[in-house]
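Please work through the following exercises with the sequence and the three-dimensional view open beside you. Try each task on your own before you read its solution.

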Amino acid sequence: MNISAILSLSRVLSKNSEMKMPDKPLYKALALIAVLGIMIPCTAIVGFISYVMTEALIEVENPGGGVLFEAQILSAFSMVFGIMVIFSILFFSSDREHFTTLPIPSESLMMAKFMFAYFAESVMEFMILVAVFVGYALAIGKNLGVLAALHPVSLISMIVGVVLIPLVPMIYCAIFSLILMTGLAKFKNTKMFYRISTVFLLLFALLFVYSLRGIGDVNMENYVESLGSGENSFLRVLNIIFFPVPWLCDAVSEGSILKLFLYILANVTLLFILYFLGKLLYQKGLYTAASLGSSVKAEIKKDDIKEESQFLSSLKKELKVILRTKAFSGNCAYINVLWPAGALALLHFTKEKESMAAFISMYRTGNDRAEMILFMIIIGISFIATALNSLASTAFTREGQHLELIKFIPVPYETQMYAKAVVCMIFTCPALIFTDIIICIYMHASVYMCVFYAFIMLFGHIISIVVGMGMDSSAPYKEWDDEYSALRGNLNVFFNMAVMMVICVVAIGLGLIMLELLKMPVFAYYVAAFLILLGVMIRLLVIGPKIIVKNMKEMF
């Protein structure tokens with residue numbers, strides 16, 4: 001294995017595989033907002049959870065149990081959400097034809113693509129792992145002394161863990177990709193593989209739910225107790241699948257050089273297994289990928305050609321691009337189902353629990369704090385749901401290298417823009433409405449409040465659409481290799497989420513000031529939030545389309 005050549009080729013791949021930061025003051029400000037609004041809060045929350053779990057597990061003499069659980073959860077998520085990315089980068093990136101004609105061994109090309117995907121996908125996970133280990137070290141230092149927290153082997157193990165914990169699930173994803181692509185040579189159908197990530201997600205979810213049996217009330221205290229006693233079936237299964245991680249956690253908690261050596265050896269061994277499998281299967285897999293893309297075109301008949309309005313044709317085009325592309329359909333369309341499904345599951349299974357029952361009772365009796373908390377949740381969902389599905393913030397990025405067609409097709413810019421906006425509403429609005437209805441039913445809210453919440457969600461949704469489309473039209477990411485890169489490497493998606501989170505924080509802060517400091521009734525907060533959001537929405541609807549159309553004209 002020529003490691004230097006693989007790393008060099010990996011750096012070449014990374015040069016043109018991520019969206020470059022536009023040289024605009026707005027994007028520099030958005031980058032700062034993203035760091036302060038997403039990255040730092042997320043890592044701080046994870047670090048606090050690690051600190052609390054470690055303190056709780058110290059009492060049952062299992063201080064490393066919290067780190068082990070968090071590392072295994074991150075490994076499971078990496079495997080679920082990384083498999084389609086690895087599959088796409090290995091076999092369906094647009095540079096496939098260029099590299100296969102060069103005198104580069106297929107296994108070296110595969111390892112270079114794998115290393116590029118590994119580091120590109122794991123940046124945020126690296127930061128989260130740093131927070132996990134910092135929280136652990138602070139809890140150990142407070143309860144067991146500074147020397148225990150700063151043990152040299154433990155510190156080295158933490159550093160190694162930050163870099164290598166995401167590696168094993170990514171190796172598994174690459175191995176699955178190689179083996180299943182070999183199977184596709186016979187079936188000639190990629191749908192089987194595209195369902196694998198969904199299957200993994202369901203399996204891990206069912207396993208997690210199964211682990212809740214026998215712990216009594218479902219709460220953090222009982223779950224932590226099951227982790228400390230070693231009786232958690234979810235963790236036991238993950239310890240088998242991602243078998244090197246327990247060795248790392250033992251090295252961290254016990255300062256064991258032997259366990260650290262075993263952990264590194266296991267990672268190196270899995271890398272070599274991937275390398276040799278690539279040597280055997282990757283070239284054949286590339287041939288299979290090429291053959292899958294060379295299907296016979298269906299004959300277009302005269303009856304298939306119909307006259308439609310420009311708007312309807314543009315709308316249908318947008319719908320087909322999203323629904324027929326696995327990356328877009330899963331991450332942009334079907335992800336919206338999580339909101340009503342999550343609300344239903346949460347409220348149905350916790351409505352009789354002590355804390356939730358008390359909250360529902362407080363809301364029904366007109367408690368100001370309960371009403372304000374629910375209203376804040378509604379505001380948060382209205383903004384974050386739209387930003388999370390990235391329909392608006394990839395409206396122009398989805399065109400890719402065909403973006404110039406926007407200019408040359410005989411359809412006005414305004415018509416194309418409105419078609420992209422309506423698609424966002426088609427996939428998001430029903431999910432928001434159903435979420436609102438579910439929440440109101442379980443909270444026993446009045447019909448008037450349900451309608452009021454629906455309007456608030458609509459305002460937030462429209463604001464998020466205009467902001468997201470404005471950002472993406474200003475600097476669309478069109479040089480992406482595959483659809484997953486269009487979502488993963490698009491800075492507009494990340495920045496739009498950051499802006500929406502900041503808006504949520506401001507809205508929540510306004511409520512806290514009015515209710516807690518100024519001692520105003522919650523009704524005043526309702527009126528203020530309604531008028532402010534309505535005003536912002538109207539203002540954006542007046543100036544937003546003009547800015548977006550202007551950006552569309554300046555794209556080329």
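The structure is a predicted model, in which local features need pLDDT of at least 70 and side-chain atom pairs count only at pLDDT 80 or more, while totals for chains, interfaces and linings use all residues. Residues are numbered from 1 along each chain as its sequence is written, and side-chain values use heavy atoms, with hydrogens and water left out.

**Exercise 1. The whole chain**

Task: Describe the secondary structure, the burial and the surface of the chain.

Solution: Begin with the secondary structure, which comes to 26 helices and zero strands; helices (H or I, at least four residues) and strands (E, at least two) are DSSP runs, numbered from the N terminus. Next, consider burial: the chain has 556 residues, and 50% of them count as buried, where buried means under 20% relative accessible area, exposed means over 50%, and partly exposed lies in between, with a 1.4 Å probe and protein chains only. Finally, among contacts (heavy atoms within 4.5 Å) between residues at least 6 apart in sequence, 83% join residues at least 24 apart.

**Exercise 2. The neighbours of α20**

Task: Find how α20 is oriented towards α22, and then how α20 is oriented towards α19.

Solution: Two packed helices are described by the angle between their axes and the distance between the axes. Axes are lines fitted to C-alpha atoms, for helices over the stretch in contact, and the angles run from 0 to 180 degrees between N-to-C directions. Helix α20 (residues 368–389) packs against helix α22 (residues 413–443) at an angle of about 160°, with the axes 11 Å apart. The pair is therefore roughly antiparallel, given that angles under 35 degrees count as roughly parallel, over 145 as roughly antiparallel, 65 to 115 as roughly perpendicular and the rest as oblique. Now look at the residues: Leu-374, Ile-378, Ile-381, Ala-385, Thr-386 and Asn-389 of α20 meet Thr-428, Leu-432, Thr-435, Ile-439 and Met-443 of α22. By class, these are seven nonpolar, four polar and no charged residues, where Ala, Val, Leu, Ile, Met, Phe, Trp, Tyr, Cys and Pro count as nonpolar, Asp, Glu, Lys and Arg as charged, and the others, Gly among them, as polar.

For the second pair, the axes of α19 (residues 354–364) and α20 come within 7 Å and cross at roughly 105°, and these two helices are therefore roughly perpendicular to each other. Phe-359, Met-362 and Tyr-363 of α19 make this contact with Ala-370, Glu-371, Ile-373 and Leu-374 of α20, a set that divides into six nonpolar, no polar and one charged.

**Exercise 3. Partners across the sequence**

Task: Which residues does Ala-419 touch, and which does Gln-283 touch, not counting residues up to four places away in sequence?

Solution: Ala-419 is found in helix α22 and is buried, with a relative accessible area of 0%. Its partners are Phe-311, Ser-314, Leu-315 and Glu-318; between the C-alpha atoms of Ala-419 and Leu-315 there are 4.8 Å, although 104 residues separate the two in sequence. Gln-283, by comparison, lies in helix α15 (residues 257–292) and counts as partly exposed at 29% relative accessibility. Gln-283 touches Ser-106 and Gly-278, and the C-alpha atom of Gln-283 is separated by 9.1 Å from that of Met-110, 173 residues away along the chain.

Notes:
Accessible areas come from the Shrake-Rupley method with a 1.4 Å probe; for residues, only the protein chains shown count as cover.
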